[in-house]
Amino acid sequence: MSQENNSLNSEYRTKSSELKLRLISAAVGLPLLGLTLYFGFWTVSIASITIAALVGLETRRMAFGKPESSVPPAIAALIGVVISGLGVFAVVLGELKIDFASADLADQIVVFVIVVLTAEFIITSRFARYQSLARKKLIISYGVIVVMAVTLLPFIVSSENGRELLTYGILVAFAADSGAYFVGRSVGKRKMAPNLSPGKTWEGFAGGLAAALFASMLLSNLLSLEYSIAKIVVMGLAIATLGIIGDLCESWIKRLSDVKDSGGIIPGHGGILDRLDALAPAFVFIYFIV
């Protein structure tokens with residue numbers, strides 16, 4: 001009985017510590033996010049290139065493991081920087097009115113690559129259990145998809161109402177994640193996908209939808225988004241649903257990689273990919289809206 005109580009106390013302390021780290025990360029991260037979006041295109045562009053480099057590093061770690069693998073960290077980071085940097089460069093051309101058609105073509109190419117890689121991801125997933133090469137290919141494809149989604153950020157911000165819509169999308173995704181987390185911890189019982197993410201429950205998913213719906217209605221007024229109530233409701237629910245799909249996909253990728261977190265750069269959350277799992281689909285969704 002004493003051992004059981006000690007185990008429960010240890011689990012409670014672990015969860016309490018994780019919650020504190022999440023709250024500290026949010027207290028630091030949200031103001032930084034606000035400043036990045038406030039200053040607009042250039043800060044968002046720098047942030048997207050930095051994030052892409054970190055995604056490259058985390059993808060390499062999950063796909064190849066040991067530091068002495070065949071892909072050096074610098075190369076992995078550089079690939080992310082180049083992909084995102086080309087997107088930023090195309091938007092700069094448009095911003096400077098040098099060749100707006102190039103910028104328009106570039107974002108279409110990014111979306112096309114995301115669609116192709118997603119299709120390839122789904123097809124390759126059928127072989128992930130059996131082939132080591134297929135697992136690595138899936139992990140790399142996932143990382144590139146996320147980098148491509150991040151590359152859309154400068155395109156979004158440079159569009160009309162883009163900064164407001166990006167703010168809206170990010171905060172609704174955060175609200176959905178927080179709602180799912182707290183409701184799932186409090187009353188979650190029915191597992192959503194126990195083989196992929198044991199902590200995800202249907203009760204948590206419902207809590208995430210409710211939080212996203214509330215945030216969607218509130219933010220649409222605060223940010224003066226002139227959409228109908230029906231569209232605001234659909235947008236909020238869509239972002240929450242895409243977020244949970246992205247979360248489950250990343251959980252599966254981590255299982256293929258045999259890691260708990262993609263990294264440790266964000267206390268309480270893990271790595272950049274752990275935070276982008278729900279945000280990357282939201283970026284693509286917001287892109288189509290703008």
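**Burial and surface**

I began with burial in this predicted model: 43% of the 290 residues of the chain count as buried, where buried means under 20% relative accessible area, exposed over 50% and partly exposed in between, with a 1.4 Å probe and protein chains only. The chain exposes about 15500 Å², and carbon and sulfur atoms supply 66% of that area. Accessible areas come from the Shrake-Rupley method with a 1.4 Å probe, and for residues only the protein chains shown count as cover.

A note on the ground rules: residues are numbered from 1 along each chain as its sequence is written, and side-chain values use heavy atoms, with hydrogens and water left out. As this is a predicted model, local features need pLDDT of at least 70 and side-chain atom pairs count only at pLDDT 80 or more, while totals for chains, interfaces and linings use all residues.

**Layout of the chain**

I found 9 helices and 2 strands in the chain; these are DSSP runs numbered from the N terminus, with helices being H or I of at least four residues and strands E of at least two. Along the sequence I read the pattern α-α-α-α-α-α-β-β-α-α-α. Taking contacts (heavy atoms within 4.5 Å) with a separation of 6 or more, I noted that 72% of them join residues 24 or more positions apart.

I looked up H6 (residues 162-187) and H7 (residues 202-222) next: their axes come within 7 Å and cross at roughly 145 degrees. Axes are lines fitted to C-alpha atoms, for helices over the stretch in contact, and angles run from 0 to 180 degrees between N-to-C directions. The contact includes Ala 176, Gly 179 and Ala 180 of H6 and Gly 207, Gly 208 and Ala 211 of H7. By class I have 12 nonpolar, 7 polar and 1 charged; Ala, Val, Leu, Ile, Met, Phe, Trp, Tyr, Cys and Pro count as nonpolar, Asp, Glu, Lys and Arg as charged, and the others, Gly among them, as polar.

H7 also packs with H8 (residues 229-257), at about 140 degrees with the axes 8 Å apart. H7 and H8 are therefore oblique to each other; angles under 35 degrees count as roughly parallel, over 145 as roughly antiparallel, 65 to 115 as roughly perpendicular and the rest as oblique. Among the residues in this contact are Phe 205 and Leu 209 of H7 and Ile 232 and Val 233 of H8. I noted 11 nonpolar, 5 polar and no charged residues for H7 with H8.

H2 (residues 41-64) and H9 (residues 272-289) pack at about 110 degrees, with their axes 9 Å apart. That makes H2 roughly perpendicular to H9. Here Ile 51, Leu 54, Val 55, Glu 58, Thr 59 and Met 62 in H2 meet Ile 272, Leu 273 and Leu 276 in H9.

Then I checked Ser 262, in the loop between H8 and H9. Is Ser 262 buried or exposed? At 0% relative accessibility, Ser 262 counts as buried. Leaving aside neighbours within four places in sequence, Ser 262 has contacts that include Glu 58, Met 62, Lys 254 and Ile 272. Ser 262 and Val 55 are 207 residues apart in sequence, yet 9.1 Å apart in space, C-alpha to C-alpha.

**Thr 36**

My last stop was Thr 36, in H1 (residues 2-39). Thr 36 counts as partly exposed, at 23% relative accessibility. Beyond neighbours within four places in sequence, Thr 36 is in contact with Thr 43, Val 44 and Ala 47.
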